[in-house]
Amino acid sequence: MKNNKKLKEYLPTVLIEIIVVGISACLTHYFTLKEMQQDYDKMTTYELLYEAYLEHNAGNFGNCINIYKIEKVETNPEAINNMAYMYYKGLGIHADVEKARTLFKEAYETDSKYIDGIVGIEIICPKDITETNEWVNIALREKNEQVQRFVDVLLGEVYPDKSLNSQDYLKLSTKEQVELLESSLTTEYEWNKDTIEDTYFYSYVPGADYMLDGKLKET
């Protein structure tokens, strides 16, 4: 009984201490975020993108995502492309291939130099082979080196006795192209998705693009 009485007397004190510690932690977190936001407000778009790159490399994916969601950054094609990559990989966010597909496409539509991401995800995670083939054709016409190499390898695997390259692919009928892609993506390349991604499609843009003569660009 005495122990129960002591427990009843002690319990409110413990609960108060827990509440105080919890509130202190929340306030510390809030003011830390507030201070970071104030710093972010002073940064240029390039500085924010570079900061996001550093956070990504450090494995602080939540901080990286928060930067990409800042108003002055969220419509930047590089940020959109990198958010797509994070959705695809499930880095700091729930993996969602369809969300990644949508964002990769949006990045390309904002700036056509970001074609690798959308073509890559269409080849690695094909949803509709006809649409995948359309993206491959677009990339080949734009002379995208990664896609040219991918198609060269594909043709070499399927037709080892012929000297075919990506330009020969463009000469095939749409039906022939689709059949070629469909057979290769469901057999020879199904087991090799990681190699395809790592070798041909560069999905996360490094911070070096923001540097000019050793200094961050201004924007």
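By class, how many nonpolar, polar and charged residues does the lining of the second largest pocket have?

1. The lining has six nonpolar, four charged and no polar residues. Here Ala, Val, Leu, Ile, Met, Phe, Trp, Tyr, Cys and Pro count as nonpolar, Asp, Glu, Lys and Arg as charged, and the others, Gly among them, as polar. Please keep in mind that this is a predicted model, in which local features need pLDDT of at least 70, side-chain atom pairs count only at pLDDT 80 or more, and totals for chains, interfaces and linings use all residues. Residues are numbered from 1 along each chain as its sequence is written, and side-chain values use heavy atoms, with hydrogens and water left out.

2. The second largest pocket holds about 160 Å³ of space, the volume being that filled by probe spheres set on grid points joined across faces, edges and corners. A pocket is an open set of points on a 1 Å grid over the protein atoms alone, where a 1.4 Å probe fits, with protein on both sides within 12 Å along at least five of seven lines; lining residues have an atom within 4 Å of a point. Among the lining residues are Tyr68, Lys69, Met83 and Glu106. Helices α5 (77–89) and α6 (97–110) each supply at least two lining residues, and α5 gives the most, with four. Helices are DSSP runs (H or I, at least four residues), numbered from the N terminus.

3. Tyr68 also belongs to the largest nonpolar core, which has 53 residues; Tyr68 and Val119 have the most contacts inside it. α5 gives the most to this core, with eight residues. Such a core is a set of buried Ala, Val, Leu, Ile, Met, Phe, Trp, Tyr and Cys residues joined through side-chain atoms within 4.5 Å.

4. Gln177 sits in helix α11 (residues 174–186) and counts as buried because its relative accessibility is 3%; buried means under 20% relative accessible area, exposed over 50%, partly exposed in between (1.4 Å probe, protein chains only). Its side chain makes a polar contact of 3.0 Å with that of Asn133. For a polar contact, N or O atoms lie within 3.5 Å; within protein, one must be able to donate a hydrogen and the other to accept it, and residues adjacent in sequence count only if both atoms are side-chain atoms.

5. Lys143 lies in the loop between α8 (129–141) and α9 (145–158). Lys143 is not a glycine, yet has a positive phi of about 60 degrees. At 57% relative accessibility, Lys143 counts as exposed.
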